Every structure is written in structure tokens, then in C-alpha cells.
Amino acid sequence: MKRDIHLTAEDILRMVNMEPGMVGKYALVPGPMDRLRSLLNEIEKPLLDFSFMDHEMYTGCYNDIPVTVTNGGRYCPDSAIMTEILCAAGTENIIRIGSCGAMNENYDIGDFIIPTGAIRGDGVTPHYVTENFSTVADYKIINALIEACEKRGKKYHLGLVWSTDALLRETNEVITKMLNLKAVCVDMVSSALLTIAQVKNVRAGAILAVSDNLITGEVGMIAPKFFAAETESIKIALDAVGILHKAG
Amino acid sequence: MKILFIQPSMGAWVTWGNHKAINIAHAQFAACLREWAPEIEIAILDCRAMDYSEEQMLEKIGPIAPDVIYFGDAYQMTETVAIYPRYQRNARMIKAKFPNLPILAGGFYIAANYEEAMRDTPEFDYVIAGEQELTIVDFCKEFAKDNPDLSIVKGLVHRIDGRIIINEYRPLIEDLDTLPMPAYDLFPMDKYIGYTYIKPYQEIYTSRGCPFGCTFCLNWVSYDLRGNSDWKNHRFRSAKLVVDELELLNTKYGVKFVFIFDLNFNPSRERVEEFLKEMQERKLDLKYGIMGNASALYRDRDLLPALRKTGFVTAVYGLEVSEDEDLKTYGKGTTVDIIKKVTEQFHELGILSIVTWMMGFPNDDTRKIKERHAALDSIDPDVSSLQMLLPVPGIPMYDEVIPYLDDPDLSKWDFHQPVVRTKHLSKEQLGRLAAWENREFFSSKGRIQRILESKTLDPLAVSIFKSYFESMHAFSQKASGAN
């Protein structure tokens, strides 16, 4: 039986009574709620757009630039929903503010990675694109994030992010395979966010703070330098918004 | 001479679900006639309770053979101003079938706008200005005479040779204890249902007026404006008589829940103490709710645990706006901090908190309304009862709001549909914000689970919440015009 999609992002926007044109041209998307709360402290006069299924979306200003912020989700399925919603709501630039596990022994906890594209290891993106599809981050956003990192004197790396759904199945065999595909880090969100934005013709990119290293075995998720990097990643993303806005 | 009190077929506020309450004013008028004019026959036709259509209403009138019909409501808790065009329509229908049957109208909206009522509704033969009991009694006594002289009936508005005549102002009844017990025996008591789930259900009112007199409050127009602030004259029945009434409802009619719909139950600490003492002594198997002022609830916070034990399970109190400065401007007599403290205590005691608030003030814009919602959300009541500002002639705020009127169709003035714009928002935008807020409030903070799974809230109070929650969609449709 052929039928249209049961529930679309537009349906959700109607359900949450979101007025058209409410979102900013730039959207910043941290994963978890506590990172959203930190980001909100940097936004002037944020107003709630809606709350839905543990997600909250606000629109306010950063240096007079309208910006929308939302907790995109910790994993690909919820991130896919929020990315679709943002795209349907009319934002033009999405910057993910996240964390990742490094896959290069020379990368330190607290470094930053700016993905140039994604290797899709998640279960969501096959519903959107074929295996041959190349997920790439937007070059303008990449360049803006690079400029922001350099102005702040922060150590960053470029390369492909591999997104997985199976955090506890990152075996040697799987990691070797991903290294051969040139992955420099792993997370659980970026492939869905970047792929869907790309499909919807919305520019997207990401700034990821390194929380652990799969090659050295170092785990830094509760390390002070990781928390510092998380805080810094918010500032880098906001700087990137300013850079993008200035460039027009 | 026989007077027929008609409650037309009508709903209630959409957020109250299936809600059919007694017209308590009719019950009070009937009791007064029985007491002071026993020669007057009384008939009741509660079409709302009996689910009679308007056609059935007309069929019922003939066999009753009244000499005069009365329409009216004490307060606005049915359809707010939308009841007025309903009375007008029903009056027209009745006159079309019974052209010589006089119609008397009074109560909310008409009490203050009597001239307009007589001018716009030729089917109203008589209208009551202000408080009604004594005027109805005097009117019936005079009307029953062979050669009545209605010009002597204080508070009555009538016509002589087509001219509208407004009789002398009727002073307020100062001592409400002189009023007899409402004539509940005349009404279909087993038919009344509250908030979809509560049956048998009753509403009473035990006091009149409110000392604060908020400038947007609609209840100003339950009184004759010649009275110079009659609405602010707070009068109350003694606690003993109130509890006598609750006891009657509980023991004779099996009522398990009563909403005491005084617009402000608790200005007097002394009376609250007396009420508590009476309730403690009588130990009624009854739960009840009140409407009151948050500052007075806070003043009486030491009494609340004991009141809870007597069956006090829910209260309605107003936030209206979220800036203390605005609260002061509108005469609300409380602060946001006090409302929050009261709500916190209610959570602890298992009392369902219903907070009313409003939108549609002339300076409202999206930011103000969303900030008001954020304030309400942080206060975290169990129920958000959002109401649209109405520019009703007779309220102190009328002159300020009337320039923003967008929809003069009174059938839409039901508290849930926007009829005004603001300086910054169209009425359509206001309606969409109302729909937005409604969904946001009820779907956030785990409220629904908290209340439905509560081990401290009374099940009857939870029923009230369920009614609001289940009506959420209907409210949003109405507010946003998405019908």
C-alpha cells in the first residue's frame, strides 16, 4: 500500500504551534540539555520556541544576530528529528556543538575537530540517502570554525567523522576499518545531522571537543580539560556565527 | 402569578469539558420568593441540565403556562458574555411563539448594561439593574396586582409608551444572612455534572464582591454601576450558614464535591477561621474548592493543612500578568512571589492549584506573553487557566481596551476566543499564542504524569485536571480559530 509519510517535520511544527519565520538564520545545536543551558547563558533574551519530547528550542540574539539554539540530541535518531525540524522551520546554517572520540594518537583530550564530512555508521541515514552518497560539511561553515579556532588559539584538526550507533562495539576490527576510510574521530550524531541538512540544502557543520582517544585508550569524559573544551566549543561556534554573518 | 426561571441549553467554559451546573442564582431567587412572596408560583426549566434543545424548551413552556419568564446568571462562569446573545436569541424564539408572555432578564452583563439590553432587545420586557433578589421579589408582587405600578420597583428597568424607564437604584443587600437557603428542591439535582467526571456536582456562592476590584475583572458588570463600586463591596454569608448549605447538599442530595464560586472567598481571616471550625465539627463527607486571592491564601498558610483535612482539595487564584508592577496597576493585590509560595504549599499539601492568567492587554507583544508563560511555568501550578481580555462595557479598563476591539460579535466573547488586538499583535496572533501556550504548559515538566499519578491530590481534584487536559485541544482550536 503506497502512502505518504505518516509524520513530517512540518506536521511537528504545526503541532507545537511554531509560527513561520520564528527561527534564526543560524542554528546552534549542542547535543544534551545541560550543554544547551550553558549556551543559553550566552544568548540575549532567548524566547522559548517550543518544547517537545525532551527537546527545547529557543531563539534570541548573539551580538544582535538572531540565533536559534536547541538540544539536538545525543544520538542519530533524535538528532535526525531535530535537524529535520530546524530545516523545515527555515534556518539556513546549522552548527553542531558536540564531542567525539579521537582516532589519532596525536590528538589530545580537549583538542577540537572540525569535520569535513561524515562516514555513516548509523541506522538513520539509510532512510534518507543511498550508500553512495557523500556526506560533506559546508565549506563556509568549516572555514568560519577554522578562523574562530585560530583567533582563540585553540588546537584543531580537520577530517572525517565516523558516526556509530554502537558505542560499546568499537572493536579493533571496526576501528581499523574506519581508519582505512580516513576517519579521524567517532561520534554518535554528526552523520545524521550533516546528511539531512545536506539533503535539505541547508548549510551545516560541526565543532567537536575530543573527550577520549580510541587509539591511546585515554578516557577523558570527566577530565577538567574536556569540560573546559566543551565551554570553549560554545564560544567557537558563536564566533563562527559572527564570522559567517559578517561575510554575508 | 407564576414565574418561570429558564436556564437555556448551553455549555460552560470549553476547558471544563462536559459541565452542567445549577444556575445558583435561580435557586436563590426561587428561595427568596418562597420566603417573601409565597403567593407567587415558581417553575424551573433547566434545559442545560436536562439536555433540552431550544425547540424542546419552547414545547415545555406552554404546559407550564407562566405569567413571566426570567433569564439571567449571577456570574460569568458559563459562557461569559456569550450568554447574552444566547438569552437574546431565546427571548426572540419565545416571543415568536408566545408574543404576550413577558420576559424579565438580569444578572451578569445585563446588570450593568441594562439600557443597552432594553434598547437592543425589544423582547426583554423588563430588565434588572444590579443585584436581583429584592427586585425580583418586589417585581413579582407588583406584577401580580391587577393594576401594577412598576415604577416603584427599585432596580427595575421597563418601558412606558416605548420609552425606557430606569427606576431608582436598588441598594445592595448588606446582610447576606437574611437570604434563605437556595431552593435546591426545585431543581434536577441528580443531573448536574462537573468537569466531565464529577457527579453529583454543585456550585454555590457564599459571598459577593471583591475588595480588590481589578480593572479588567468582568464581575463589575454583575452590578449596577450607579452604585459607585458595588463590586468592591465585599459581603459574605456567615460561616455557619455556608456549612449548613454544604451539609444540606451532602446529606440530602449526596453531593460529594462543591465548588464555592465566590469570586473571592477569603478576604476575611476571621471568616476563614470560623469556616474551618464549622467544617471540623461537622465532618462532612465532601470535598470542595474555592476561588480566592493568593495573598489571602498566603496569609492563611497556617490554616491550610487543617483546611485540607476538611476536604479542601483545589483552589483557583489569579496571576493574570507576571510583572509585580503590572499586578499593582491592575489592582490585583498580590505579587508573583506570593503566588509561587502558595503554589509550593499546595503541592506539599496535595491541593490542586489552578492559576488564571490573561493575554490581550494593549501593550502585550510576543515577548511579554512568552515571559508571562515562563513565569507561570516557573510557578508551576497544576492547571493553567488562560483567559482572553474582554472589553466589556462597565469594567474600569474599558476605555483603555475598547480602541483595540476587533470582533464585536458577543457570541465569541467566551474568554477563549480573542476579540481584541493589541498594539503589537493581531487577534489572530493572540489566538495562536494562546494555542502555543496551552500545549507548552500541559506537555512540559512532566505535569501530566505528576498529577495523574499523584498520591496526595484528591481523585476528584485530579478529575478537574483531566477535564482541563482533555479539553486542551478544543481550547487550542477555539483560541486559534482553527475550527
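Trainee: Is B:Asp224 buried or exposed, and what is its relative accessible area?

Mentor: B:Asp224 is buried, at a relative accessible area of 2%. Keep in mind that this is a predicted model. The side chain of B:Asp224 has a charged partner: it meets that of B:Arg226 in a salt bridge, with N and O 2.8 Å apart. B:Arg226 counts as partly exposed, because its relative accessibility is 35%.

The search over all chains gives 48 salt bridges. One of them joins B:Glu245 to B:Arg237, at 3.0 Å from N to O. Here both partners are buried.

Another salt bridge pairs B:Asp300 with B:Arg269, where the closest N and O atoms lie 3.2 Å apart. This pair links distant parts of the chain, 31 residues apart. B:Asp300 sits in the loop between helix H9 (294-299) and helix H10 (304-309) of chain B. B:Arg269 belongs to helix H8 (residues 269-282) of chain B. B:Asp300 counts as buried because its relative accessibility is 3%. B:Arg269, at 24%, counts as partly exposed. There is also a network: B:Lys240, B:Asp244, B:Glu247, B:Glu278 and B:Arg282 are joined by salt bridges that share partners.

Next, the cysteines. The structure has zero disulfides over all chains. For B:Cys214, the nearest cysteine sulfur is that of B:Cys210, 6.1 Å away. A disulfide would need the two sulfurs within 2.5 Å.

Now the sheets. One is an open sheet of six strands in chain B, ordered E8-E11-E12-E13-E14-E15, and its pairing is parallel. Strand E8 (201-204) and strand E15 (383-388) are its edges, each pairing on one side only. Neighbours in this sheet are turned by 20° against each other on average, direction ignored. Strand E14 (residues 352-359) pairs with E15(B) in the parallel sense over six bridges. B:Trp357 stands opposite B:Leu386 in E15(B).

Helix H12 (residues 336-349) of chain B touches strand E13 (312-320) and E14, with a direction about 160° from that of E13(B). Helix H13 (residues 366-379) lies across E13, E14 and E15 of chain B, at about 170° to E14(B).

Chain B holds another open sheet, with seven strands in the order E2-E1-E3-E4-E5-E6-E7 and mixed pairing. Its edges are strand E2 (41-46) and strand E7 (163-166). B:Leu104 faces B:Tyr126 in E5(B).

Helices pack here as well. Helix H1 (residues 24-36) lies across strand E1 (2-7), E2 and strand E3 (68-73) of chain B, running at about 170° to E1(B). Helix H3 (residues 54-64) touches E1, E2 and E3 of chain B, and its direction makes about 165° with that of E1(B).

Methods:
Residues numbered from 1 in each chain as written. Chains lettered and ligands numbered in written order. Predicted model: local features only at pLDDT ≥ 70, side-chain atom pairs only at ≥ 80, totals over all residues. Heavy atoms only, no water. Pairing = 2+ DSSP bridges. Helix = DSSP H or I, 4+ residues; strand = E, 2+ residues; numbered from the N terminus. Contact = heavy atoms within 4.5 Å. Axes fitted to C-alpha atoms, helices over the stretch in contact; angles between N-to-C directions. Salt bridge = Lys/Arg side-chain N within 4 Å of Asp/Glu carboxyl O. Buried < 20%, exposed > 50% of the residue type's maximum accessible area, 1.4 Å probe, protein only.
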